[in-house]
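This briefing summarises the packing in one protein model. Please read it alongside the sequence and coordinates shown here.

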Amino acid sequence: MKIVLLGPPGSGKGTQAELICSKYNLPHISTGDIFRSNIANKTQLGLKVKQYIDSGSLVPDELTISIVKDRLSQDDCKNGFVLDGFPRVLNQAKQLDSFVKIDKAIMIDLSDDEIINRLSKRRMCKKCSNPTHLDWLVDGKCEKCGGEVYIRNDDSPETIKARLEKQKLPQDVIDFYVEKGLFVKINSLSTKQETFIEVDKILKSLVK
């Protein structure tokens, strides 16, 4: 299955992508992870991307599309994938459609107020780079590896509000997938497991 996960930052789509990939043994393709890895390693791509991210702007289509196309051409994506964080605009959706056929576009939806509440409690692990949450920590440390955690600069309430405005998914992207009969919206529920039950109902219909 070839899945696109849509939704605003903080809606939980990254967590749902991990759950999908774990159950169905699919690669999780996150443009955000690709960008962060390159930034951390100070590659040429990372330096370019950092300029846009630091200013709160989206990375240009040409650069993002090239990265995604190259990643999806690799062997581990032949039998399917979960694409997280792409497409964000109509041009990206059209370009994606030109080189791969998506089976379903699933939007994980959540109100702005709840997103701000969630993201302001988000933390990152210094040791394993795991995104976590205040409610998930064990003795104040990462529940996966026990590492120290920190709050990212872009997880402050003021920055979150600005990101939501700038990164709101345009209606024409939704319309693009609606017209193709591929779009489905799922409300992000109180726990990731409850949300995944709803997501998995959609996925089971795609399993051949």
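The model is predicted, and the values are computed from it.

**Nonpolar cores**
- The largest nonpolar core comprises 28 residues, and those with the most contacts inside it are Val 4, Leu 72, Phe 81, Leu 83, Leu 96 and Tyr 177.
- Elements giving two or more residues to this core include the strands β1 (2-6), β3 (81-84) and β4 (104-109), and the helices α2 (31-40), α3 (44-54), α4 (61-72), α5 (90-99) and α8 (171-179).
- Another core, of 16 residues, lies apart from this one; among its members are Ala 17, Ile 20, Leu 26 and Ile 106.
- Leaving aside neighbours within four places in sequence, Phe 81 is in contact with Met 1, Lys 2, Ile 3, Leu 26, Pro 27, Ile 29, Leu 72, Val 100 and Ile 102.

**Helices α6 and α7**
- The axes of α6 (residues 112-119) and α7 (residues 157-166) come within 10 Å and cross at roughly 135°.
- The two helices are therefore oblique to each other, and α6 passes α7 in a right-handed crossing.
- From α6, Asp 112, Ile 115, Ile 116 and Leu 119 meet Pro 157, Ile 160, Lys 161, Arg 163 and Leu 164 of α7.
- This contact has six nonpolar, three charged and no polar residues.

**Met 124**
- Met 124 is in strand β5 (residues 122-125).
- Its relative accessible area is 9%, so Met 124 is buried, the cut-off being under 20%.
- Beyond neighbours within four places in sequence, Met 124 is in contact with Ser 129, Asn 130, Pro 131, Glu 148, Val 149, Tyr 150 and Arg 152.
- Met 124 and Asp 200 are 76 residues apart in sequence and 27 Å apart in space, C-alpha to C-alpha.

Notes. Residues numbered from 1 in each chain as written. Predicted model: local features only at pLDDT ≥ 70, side-chain atom pairs only at ≥ 80, totals over all residues. Heavy atoms only, no water. Core = buried A, V, L, I, M, F, W, Y, C linked by side-chain atoms within 4.5 Å. Buried < 20%, exposed > 50% of the residue type's maximum accessible area, 1.4 Å probe, protein only. Helix = DSSP H or I, 4+ residues; strand = E, 2+ residues; numbered from the N terminus. Contact = heavy atoms within 4.5 Å. Axes fitted to C-alpha atoms, helices over the stretch in contact; angles between N-to-C directions. Parallel < 35°, antiparallel > 145°, perpendicular 65-115°, else oblique. Left-handed = near helix turned anticlockwise from the far one by under 90°. Nonpolar A, V, L, I, M, F, W, Y, C, P; charged D, E, K, R; others polar.
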